Amino acid sequence: MACGLLNNASKMFDEMVVTDVVTWNSMVIGCLRNGGLDMAMDLFRKMNGRNIITWNSIITGLAQGGRARESLELFHEMQLLSDDMVKPDKITIASVLSACAQLGAIDHGKWVHGYLRRNSIECDVVIGTALVNMYGKCGDVQKAFEIFKEMPEKDASAWTVMISGVCSTWIRLEGFGLLFGDGRSRSKAKPCDICWIIVSLCSFWFGRTRSLVL
C-alpha cells in the first residue's frame, strides 16, 4: 500500500462495526510492510487480545525498519504482559537476535541465547544463522564459529553470515577454510551459492587491499 492506500485502509478499518484480532493484525502488518511504523505502533497500542502473530509482526517490523531498540523493548514487554498462551517462538527470537546484532548488544544477545536453552526452543537453521550473525556482528567471531560448526544443517545464508563475520576481523585464511571444512558436507547450500560466497569474499579483500594501497 502506498501512503494514500494506507490512509484509505485505515479509514475503512475505523468504519468497521465489528473487528477481531485478524483484522487488527492485517492492519498492523499492512502498515509495517509499507513503512508506516508509527501507524503500526499506534494500532498495536490500541489492540486488545494480541496473539503471537501480533507480537511477532511488530517486533520483526521494527527490527527490519531500523528501530532495533524499540524492538527489544517490545520483546521485554511481551514477556511481562503475555500469558502462557502467547510466548516467544522461533520467529520472535530470530527478530530479537537481529535487533541485538544491529545494536551490537552482545550482553542482551547472550541473554536471548540463554533463553533459547532454558525454554528448549529448537536451534534450527534460522535460529542458528541468527545467532551466528549476532555474535559475528558483536565482535565475538569465535563464538559465532562454534555455533556455526554445531549447526546440523547450513544453507547459503548461514555460510554468508559466517564468512562476513570472519571477514570483519581480517582473518582471511580461516574465512576461506570455512568453505572447505567438514561442515560443508552437511550444508544445503548449492555449489553455485558457495561460488558466489567465494567471489564475494575475494571482492571484499581486493577492495580492502586496494583502498589501503591507495
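## Burial and overall composition

Of the 214 residues in the protein, 43% are buried, where buried means under 20% relative accessible area, exposed means over 50%, and partly exposed covers the range in between (1.4 Å probe, protein chains only). The model is a predicted one, in which local features need pLDDT of at least 70 and side-chain atom pairs count only at pLDDT 80 or more, while totals for chains, interfaces and linings use all residues. Residues are numbered from 1 along each chain as its sequence is written, and side-chain values use heavy atoms, with hydrogens and water left out.

The protein exposes about 12,000 Å², and carbon and sulfur atoms supply 57% of that area; accessible areas come from the Shrake-Rupley method with a 1.4 Å probe, and for residues only the protein chains shown count as cover. The secondary structure comprises twelve helices and zero strands, helices (H or I, at least four residues) and strands (E, at least two) being DSSP runs numbered from the N terminus. Along the sequence the pattern is accordingly written α-α-α-α-α-α-α-α-α-α-α-α. Among contacts between residues at least 6 apart in sequence, 60% join residues at least 24 apart, contact meaning heavy atoms within 4.5 Å.

## Packing of helix 6 against helix 7

Two packed helices are described by the angle between their axes and the distance between the axes. Helix 6 (residues 90–103) packs on helix 7 (residues 106–118) at an angle of about 160 degrees, and the two axes are 9 Å apart. Helix 6 is therefore roughly antiparallel to helix 7. Here axes are lines fitted to C-alpha atoms, for helices over the stretch in contact, and angles run from 0 to 180 degrees between N-to-C directions. Angles under 35 degrees count as roughly parallel, over 145 as roughly antiparallel, 65 to 115 as roughly perpendicular and the rest as oblique.

Helix 6 passes helix 7 in a left-handed crossing, a term used if the near helix is turned anticlockwise from the far one by less than a right angle, with right-handed used if clockwise. On the helix 6 side, Ile-93, Val-96, Leu-97 and Cys-100 meet His-108, Gly-109, Val-112, Tyr-115 and Leu-116 of helix 7. By class, the residues of this contact are seven nonpolar, two polar and no charged. Ala, Val, Leu, Ile, Met, Phe, Trp, Tyr, Cys and Pro count as nonpolar, Asp, Glu, Lys and Arg as charged, and the others, Gly among them, as polar.

## Helix 8 and its two partners

Helix 7 and helix 8 pack at an angle of about 155 degrees, with axes 10 Å apart, and are therefore roughly antiparallel to each other. Their crossing is left-handed. Helix 7 contributes Ile-106, Gly-109, Lys-110, His-113 and Leu-116 to the contact, and helix 8 contributes Ile-127, Leu-131, Met-134 and Tyr-135. These residues divide into six nonpolar, two polar and one charged.

Helix 8 also packs on helix 10 (residues 156–167), at an angle of about 10 degrees and with axes 9 Å apart; the two helices are therefore roughly parallel to each other. Thr-129, Val-132 and Asn-133 in helix 8 meet Ser-157, Ala-158, Val-161 and Met-162 in helix 10. Four residues of this contact are nonpolar, three are polar and none is charged.

## Buried positions within helices

Thr-92 lies in helix 6 and is buried, with a relative accessible area of 1%. Not counting residues up to four places away in sequence, Thr-92 touches Ile-52, Asn-56, Ile-59, Phe-75 and Met-78.

Glu-77, in helix 5, is buried with a relative accessible area of 18%. The C-alpha atoms of Glu-77 and Trp-55 are separated by 9.9 Å, the two residues being 22 residues apart along the chain. Val-166, in helix 10, counts as buried at 5% relative accessibility. Its C-alpha atom is separated by 6.5 Å from that of Val-141, and Val-166 and Val-141 are 25 residues apart along the chain.

## Exposed positions within loops

Met-85 lies in the loop between helix 5 (68–81) and helix 6 and counts as exposed at 74% relative accessibility. Met-85 and Asn-51 are 34 residues apart in sequence and 8.2 Å apart in space, C-alpha to C-alpha.

Ser-120 is placed in the loop between helix 7 and helix 8 (125–137). Ser-120 is exposed, with a relative accessible area of 66%, and has a positive phi of about 55 degrees although it is not a glycine.
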